[in-house]
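Hi everyone, thanks for coming. Let me put the sequence and the model on the screen, and then I'll walk you through some of the contacts.

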Amino acid sequence: MRGEGPGPNYAVRVVDAVPSAWNMANVLTVARIVLVPFFAWALLLDGGHTVRGRLLATAIFVLAAATDRLDGWLARRSGKITDLGKLLDPIADKLLVGSALVLLSALGDLPWWVTVVILVRELGITAMRFFLLRYVVLPASRGGKLKTVLQSVAIGLYLLPLDELPAFVEVVAAIAMGLAVLVTVVTGLDYVRTAIRIRRAAAVPPAAGL
């Protein structure tokens with residue numbers, strides 16, 4: 001009697017079940033990385049303080065920031081969360097935000113201490129996440145997601161040609177950036193506290209069996 005098994009197509013089905021690294025979500029993430037040099041070029045166009053260059057840079061930044069939300073939604077919706085996506089997504093975010101902050105400070109539109117505080121937090125938490133991979137994958141908290149939104153809004157406002165806009169727009173931009181820095185620091189400290197707790201828990205040896 002012939003045994004009933006999964007059949008010759010079983011291996012094919014298992015392979016097909018593995019999500020392709022080059023799905024739409026990851027393509028959007030790569031597109032965000034590709035947009036960074038175009039964003040930098042637009043922001044520095046004609047000295048960095050023209051209305052045309054600023055509006056173009058703002059449009060590119062908003063488009064790139066929108067892909068950050070879209071690629072995550074697509075990956076979860078389609079069930080195609082891949083290791084490549086987990087690696088590239090934070091890299092794309094840091095490149096976009098980091099380049100915007102550095103260029104705004106270089107142009108004299110944003111104090112350097114703001115850029116330093118945010119980048120030290122972002123790079124430090126990213127390094128800490130890699131360290132914690134041996135124990136657990138540290139997911140983004142609600143505060144971390146709020147931080148990303150506030151940073152994007154604040155940077156988007158600072159990218160606008162503020163000299164050509166009503167004075168209250170600059171005030172709103174300063175308030176948004178202040179909130180972004182505050183939430184960035186607070187959530188960074190919260191991540192560090194969580195990391196310490198995870199590290200201490202991992203250092204405790206398991207109870208001996210009876």
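**A salt-bridge network and its surroundings**

Let's begin with charges: K94, R121, E122 and K147 are joined in a network of salt bridges, a salt bridge being a side-chain nitrogen of Lys or Arg within 4 Å of a carboxyl oxygen of Asp or Glu. Before I go on, a word on the source: this is a predicted model, where local features need pLDDT of at least 70, side-chain atom pairs count only at pLDDT 80 or more, and totals for chains, interfaces and linings use all residues. Residues are numbered from 1 along each chain as its sequence is written, and side-chain values use heavy atoms, with hydrogens and water left out.

K94 and E122 form a salt bridge with their closest N and O atoms 3.7 Å apart. Since K94 is in helix α4 (residues 83–106) and E122 in helix α5 (residues 112–132), this pair ties together parts that are 28 residues apart in sequence. Helices here are DSSP runs of H or I with at least four residues, strands are runs of E with at least two, and both are numbered from the N terminus. E122 also forms a salt bridge with R121, at 3.5 Å between the closest N and O atoms.

Are these residues buried or exposed? Both R121 and E122 are buried, where buried means under 20% relative accessible area, exposed means over 50%, and partly exposed is in between (1.4 Å probe, protein chains only). E122 has a relative accessible area of 5%, while K94, at 26%, counts as partly exposed. K147 is among the buried residues of α6. That helix covers residues 142–159 and reaches 26 Å from its first C-alpha to its last, close to the 26 Å expected at 1.5 Å a residue (the expected span is 1.5 Å times one less than the number of residues).

How many salt bridges does the whole structure hold? The search finds 7. One of them joins D190 and R193, at 3.0 Å from N to O. These two are 3 residues apart in helix α7, so about one helical turn separates them. D190 is partly exposed at 30%, and so is R193 at 47%.

**Aromatics and a buried arginine**

The structure holds 1 aromatic pair. The ring centres of F39 and F61 are 5.9 Å apart and their planes are at 45°, so the pair is tilted. For reference, rings of Phe, Tyr and Trp (its six-membered ring) pair if their centres lie within 6.5 Å; planes under 30 degrees apart count as stacked, over 60 as edge-to-face and the rest as tilted. F39 belongs to helix α2 and F61 to helix α3, so the pair ties together parts 22 residues apart in sequence. Both F39 and F61 are buried.

Helix α3 also holds R54, which is buried at 4% relative accessible area. R54 is 107 residues from P161 in sequence, yet their C-alpha atoms are 5.7 Å apart.

**One backbone detail**

Which residue has a positive phi although it is not a glycine? That is D46, with a phi of about 55°, in the loop between α2 (24–43) and α3 (51–78).
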